[in-house]
Amino acid sequence: MLEWFNPVALLNSLIYSLLGVAVFWVSFIIIDLLTPYALWHEIVKERNLPLAILAAAMCLGISIIVAAAIHG
């Protein structure tokens, strides 16, 4: 009945998902530290839309790189 279910594959997927999220957040924090101002403050408090678009593009780029590295 559950021939298609593979617990090892599920565990590997969970591990790689968590690893990918961790790498993404570390990359985002590093980029935030390299900028001369606080990204989150500028986006949320100052409502800087161009910076929000740039941060979103950066997040997508990092995500694609992490996904490609994990996928192989």
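Reader: Where does Leu-10 lie?

Author: Leu-10 lies in helix H1, which covers residues 7-34. Bear in mind that this is a predicted model.

Reader: Which residues make the nonpolar surface patch?

Author: Leu-10 makes it together with Leu-2, Trp-4, Phe-5 and Leu-14. The patch has an area of about 570 Å².

Reader: Back to H1. How many residues does it have, and what does it reach end to end?

Author: H1 has 28 residues and reaches 41 Å from the first C-alpha to the last. At 1.5 Å a residue, 40 Å is expected, and the value in the model is close to that.

Reader: Which residues of H1 are buried?

Author: Gly-20, Phe-24 and Phe-28.

Reader: And what do they pack against?

Author: The buried residues of H1 pack against helix H2 (39-44) and helix H3 (49-71).

Reader: OK, H3 then. What should it span, going by its residues?

Author: H3 has 23 residues, so at 1.5 Å a residue it should span 33 Å. The end C-alpha atoms of H3 are 32 Å apart, which agrees.

Reader: Which residues of H3 are buried, and what do they pack against?

Author: The buried residues of H3 are Leu-51, Ala-55, Met-58, Ile-62 and Val-66. They pack against H1 and H2.

Reader: Different topic. How many aromatic pairs are there?

Author: The count comes to three aromatic pairs. One of them is Phe-24 with Trp-25, an edge-to-face pair with 5.6 Å centre to centre and 75° between the planes.

Reader: What about Trp-25 and Phe-28, how are those rings set?

Author: The ring centres of Trp-25 and Phe-28 are 6.0 Å apart and the planes are at 80°, so this pair is edge-to-face. The cut-off for that class is over 60 degrees.

Reader: How are the two placed along the helix?

Author: Trp-25 and Phe-28 are three residues apart in helix H1, so about one helical turn separates them.

Reader: Which residues form the aromatic cluster?

Author: Phe-24, Trp-25 and Phe-28 form one cluster.

Reader: Now the loop between H2 and H3. What is the phi of Arg-47 there?

Author: Arg-47 has a positive phi of about 55°, although it is not a glycine.

Reader: Why point that out?

Author: Because most residues other than glycine have a negative phi.

Reader: Buried or exposed, Arg-47?

Author: Exposed, because its relative accessibility is 70% and the exposed class starts over 50%.

Reader: Last one. Where does Glu-3 lie?

Author: Glu-3 lies in the segment before H1. At 74% relative accessibility, Glu-3 counts as exposed.

Reader: What separates Glu-3 from Ser-13?

Author: The two are ten residues apart along the chain, and their C-alpha atoms are separated by 18 Å.

Note on methods. Residues are numbered from 1 along each chain as its sequence is written. This is a predicted model: local features need pLDDT of at least 70, side-chain atom pairs count only at pLDDT 80 or more; totals for chains, interfaces and linings use all residues. Side-chain values use heavy atoms; hydrogens and water are left out. Patches are made of residues with over 30% relative accessible area and no salt bridge: like charges are joined within 9 Å, nonpolar side chains (Val, Leu, Ile, Met, Phe, Trp, Tyr) within 5 Å. Accessible areas come from the Shrake-Rupley method with a 1.4 Å probe; for residues, only the protein chains shown count as cover. A salt bridge is a side-chain nitrogen of Lys or Arg within 4 Å of a carboxyl oxygen of Asp or Glu. Helices (H or I, at least four residues) and strands (E, at least two) are DSSP runs, numbered from the N terminus. The expected span of a helix is 1.5 Å times one less than its number of residues. Buried means under 20% relative accessible area, exposed over 50%, partly exposed in between (1.4 Å probe, protein chains only). Contact means heavy atoms within 4.5 Å. Rings of Phe, Tyr and Trp (its six-membered ring) pair if their centres lie within 6.5 Å; planes under 30 degrees apart count as stacked, over 60 as edge-to-face and the rest as tilted.
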